[in-house]
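Please read it alongside the sequence and the coordinates.

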Amino acid sequence: MDEFLKKCSESGDSAYTALRSLLQRLENPATRVEARVFLATLHKTLQSSPHLNCLQTYHFQIQDIYLQPNQDGYGNRKKLTMMVIPSIFMPEDWSFTFFEGLNRHPDSIFKDRTVAELGCGNGWISIAIADKWLPYKVYGLDINPRAVKISWINLYLNAFDDNGQPVYDNENKTLLDRVEFYESDLLSYCRDNHIQLERIVGCIPQILNPNPDAMSKIITENASEEFLHSLSNYCALQGFVEDQFGLGLIARAVEEGIDVIKPMGIMIFNMGGRPGQGVCKRLFERRGLRVNKLWQTKILQASDTDISALVEIEKNNPHRFEFFMGLVGDRPICARTAWAFGKAGGRISHALSVYSCQLRHPNQVKKIFEFLKNGFHDISNSLDLSFEDDSVADEKIPFLAYLAGVLNDSSHFPYEPPTGSKRFRDLIAGFMKTYHHVPLSADNVAIFPSRATAIENALRLFTPRLAIVDEHLTRHLPRQWLTSLDIEHKQNSQTATDGIVVIEAPRQSDLMIELIKKLRPQVVVTGLAQFEAITSSAFEHLLRVTREIGSRLFIDISDQFELSSLPSSIGVLKYLARTPLPSHAAIICGLLKNQVYTDLEVAFVISEEQTVFDALSRSVELLQGNTALISQYYYACLLHELLSFQLPDRRPPAEREAEDVNSSDMIGFSSSAISVLSQAELSVRDTQKSSLLHMDTDQIYLPTPTPVKAAIFESFARQNVTESACDVTPSLRHFIKNAYNFTVEHTAEFIYADFPLALFNKLVLCCIDENGTLCMPAASNGCYLSAAKFLNANIVSIPTQAESGFKITEKQLTIVLETVNKPWVYISGPTINPTGLLYTNEEMKSLLTVCAKYGAKVIIDTSFSGVEFNSNGWERWSLDACLEGLTGKPFFSVCLLGGLFFEVPTGGLAFGFLVLKQGFLADSFHSFLGLNKPHSTIRYTARKLLELGEQKVDLIGVAQEQGKLLATRFKRLKETLENCGWEVVEARGGVSVIAKPSAYFGKSIKLEKDDSTWEAKVNDTNIREAMLRATGLCINGPSWTGIPGYCRLTLAVEDSDFDRALDGILKFNQLVK
């Protein structure tokens, strides 16, 4: 004994060495009894000298900690006997208050649970938890290796009596069976060993070290006592927003806890109230935890803790920490005042609270943080899962988890048909079937960007001479439709025209029916008053009257439709549950009733008439391009939550009786719609039996860059995003200047849409409105040309020649503009779609000079530019130089149309913009309402990406890699095509390649499948169909490119799809005789 004490008295390191040797004897069963008896003797020896300062003399101390005193004595044990050394945290008010908070839980809180204690110090709380509540296992964790060794000694000290015999509890287990201690940086031990916890308790430092360099030292058991002890008082910067309050280590502990805790687990933390109670609670709440304050008191600020780091924080931050003067002070003082008061000899205190918290949506929150730790830690500071309203949390947290899953599991956004995401349409049909007993399928549901879009598209599809529209639904219709008084003329007209007259009507069925009978419109669009919507009688009356008159009926149920597990009754859907929807009627429903985003809209249209359904869904492809994918994801997630707990096919399918009623002659589609729908090359629809490979789209399906995923997730994870944070205009103005050297004055107007096609179509309408002529090159984007034809624009083709790379030439443009009035010239550049060639500055200068001479309005479409992979010798555009000095007729003006999905590597995220210079038809453009603007989350994402581009970080390397990938793909595709007899035009940018399958023209192909035979001679008109039937590969044919014989193929597909496409081309070559 004397030798042991002598060695301990030499130094702290000598004492630790002696104690470590003692631990080795305790760990060895052969010497354990002897070692434990030695500890008992040592304790008695030290107790015999009550005036001895053992910690100072021998560099260790053994003390008793009494637990839970009451009238009948104490709990299972009257006390714990614990050893401490100078380099570890001493049990004091901080940890005692924490244990008092734990005591406020019911006894069942830890019983048979797996528990971890963070910052266990000498292990007394871990041992006390095991002793009182009999958990299955307690893991005491500390980053200080000496603390772990002393904790093991304390475990043996309490697991065995003074005679070295084990102390058993009423389950016949010892503390040694229930407690283990490990060196661990927070929860790293549990994470690395795949230990799932049910309870996590923590009493860890919450003040930044005033000497940051000290925290960078490597932590070993041979480090100095001063350094090891500082780990108990101070923490280092952790990279969390809470660092500014000294709570960064707690924040990291919570996020690590979310990773390893079981779904119904509980975390309990001791929190110093210095940053303020609101800040402490928010740390947990913004991470998706429900918080309950178990216990709060005041304690004196430890004299060995320097709070100067908090004073420094207050210098650069409006936040003020909360201290008190003494234990009885009730008015808080800031850190600077507290520091001065303490320096002058005063005693300062602070609040100390014990918080218990539990995940409110455990599986979803865990999924969100799993996503964040996979390379997205930087955006965790933007995450805000705190919600005052549970209904908001119930909606947003599952969506964020779903979005995290999509971004984490998918390298790119998938191809979705213009009809809408198949999954989303299935969910809508499932919701109708489950909650309203309407037996629909996805083939009856078409997705639209908004209700207003659905109504306008329907009216454009039929182009009625007269339509009656509910006054609540006319706000976004073109003003021209609402101001025309030419009703009589239209009724007497012998020829169909494209003018539409809309009469507003009150939302009341009897008044609406009276107007229908008097005016005999060809189309009726209306909702139902709330008092009429509950039953089906008003709807049935409207059906009968419109059928008799010969009017097509579009009924709006947006105001009644609820995304709820207890949806209100809707009369229209009651009717549909027992009767199929008549061929002349369709249902429109706008989804706006979510709890989080009042402006996040998507709509669907239900029609059980196949021809009408097909035409309506095609109208989205022609006029809008597609519906924003993120909007579809959001509402799909809500529907999934409402259907996920339902048993599938629990009810037999409803049997409906069709009404056998003859209808009057109904208005058909407009002549322009019929022409486009029957002749244009539109998207090929996937079926359940087919797995198509789409090389016929203008979107990019390359891997989504990490910064893009981060920006998308952050835009939804944040709360209360200001309008200024979503304002993309300043960044876009700067981007346009850098990309095209095009100065956009502050008087210019920026207009945004989900897709550039929607903006192009509004420009076409402006052209029609002023009786202009749309001049498009023969080699143009087929989608844009089909859209212009659908709108019945006056179109003149500008001939192009193979010798000039199918570019517009000054000569050909001059010939065309000499023959037309009010020309509108469409130019795709710098990268030309679909050829992939580039316009030079000299070529643009000459084209714009001709346009200025003839007073043309010029639409420069940059939507397909930004990925130039073979641009040697090509100089970036300088539109300012091209336009300098141009004078001409006063009507000459230029607008810039574009999108971000090529210019910035957005991984398929769409965003369209239009820049209207001062005086460029701004008033006329705005008369055509109904434009679907990108949601605030998408605008926020676009701004973030543009700012990253300006900083030339992250995205610049991605863009270069994307260019290299496309260059390699073009080379492979060109080689494959040429080996199969195609003539390939050398592309220099973009994602398109055009090639002529000249070797196949005139040759026969015969395909046999499912007992049917398809046979044809390959030519311009059937090459696309032949390729599709033979290989499942979708390409664009000559009617789409506008160049006889030439097809278009897209490069920017997913890796495996690109390889499949090459195999398909080779397969087709073998099949053609």
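UniProt positions are given in the numbering used here, feature names are shortened, and annotations may be inferred rather than shown by experiment. The structure is a predicted model. An unreviewed UniProt entry carries the annotation "domain: Methyltransferase small", which covers residues 111–164.

**Annotated span**

- In the model, residues 111–164 are 46% helix and 20% strand.

**Cavities**

- The model holds 11 cavities of 30 Å³ or more.
- The largest cavity contains about 400 Å³ of space.
- It is lined by 27 residues, and those closest to its centre are Gly625, Thr697, Asp698, Gln699 and Cys783.
- Helix H30 (756–769) and helix H31 (782–790) are the elements that give two or more residues to the lining of the largest cavity.
- The lining of the largest cavity divides by class into 11 nonpolar, nine polar and seven charged residues.
- The second largest cavity has a volume of about 110 Å³.
- Its lining comprises 13 residues, with Glu456, Leu623, Gln624, Asn761 and Lys762 nearest the centre.
- For the second largest cavity, the elements that give two or more residues to the lining are helix H18 (451–462) and H30.
- H30 supplies four residues, the largest share of the lining of the second largest cavity.
- By class, the lining of the second largest cavity has five nonpolar, five polar and three charged residues.

**Backbone geometry**

- Most residues other than glycine have a negative phi, and most peptide bonds are trans.
- The peptide bond from glycine 829 to proline 830 is cis, with omega near 0 degrees.
- Proline 830 is placed in the loop between strand E22 (823–828) and helix H33 (841–853).
- Asparagine 833 and proline 834 are also joined by a cis peptide bond, for which omega is about 20 degrees.
- Proline 834 belongs to the loop between E22 and H33.
- Leucine 134, although not a glycine, has a positive phi of about 50 degrees.
- The loop between helix H6 (124–133) and strand E4 (137–142) contains leucine 134.
- Leucine 134 counts as buried because its relative accessibility is 9%, and the cut-off for buried is under 20%.
- Asparagine 172, likewise not a glycine, has a positive phi of about 65 degrees.
- The loop that holds asparagine 172 runs between helix H7 (145–159) and helix H8 (175–178).
- Asparagine 172 is exposed, because its relative accessible area is 57% and exposed means over 50%.

**Cysteines**

- A disulfide requires a pair of cysteine sulfur atoms within 2.5 Å, and the count by this rule is zero disulfides.
- The sulfur of cysteine 8 is too far from any other for a bond, because the closest cysteine sulfur, in cysteine 54, is 8.6 Å away.
- Cysteine 8 has 0% relative accessibility and therefore counts as buried.
- Cysteine 120 is in no disulfide, and the nearest cysteine sulfur, that of cysteine 203, is 11 Å away.
- Cysteine 120 also counts as buried, because its relative accessibility is 4%.

Note on methods. Residues are numbered from 1 along each chain as its sequence is written. This is a predicted model: local features need pLDDT of at least 70, side-chain atom pairs count only at pLDDT 80 or more; totals for chains, interfaces and linings use all residues. Side-chain values use heavy atoms; hydrogens and water are left out. Buried means under 20% relative accessible area, exposed over 50%, partly exposed in between (1.4 Å probe, protein chains only). On a 1 Å grid over the protein atoms alone, a cavity is a set of points where a 1.4 Å probe fits but cannot get out, and a pocket is an open set with protein on both sides within 12 Å along at least five of seven lines; lining residues have an atom within 4 Å of a point. Grid points are joined across faces, edges and corners, and a volume is the space filled by probe spheres set on the points. Ala, Val, Leu, Ile, Met, Phe, Trp, Tyr, Cys and Pro count as nonpolar, Asp, Glu, Lys and Arg as charged, and the others, Gly among them, as polar.
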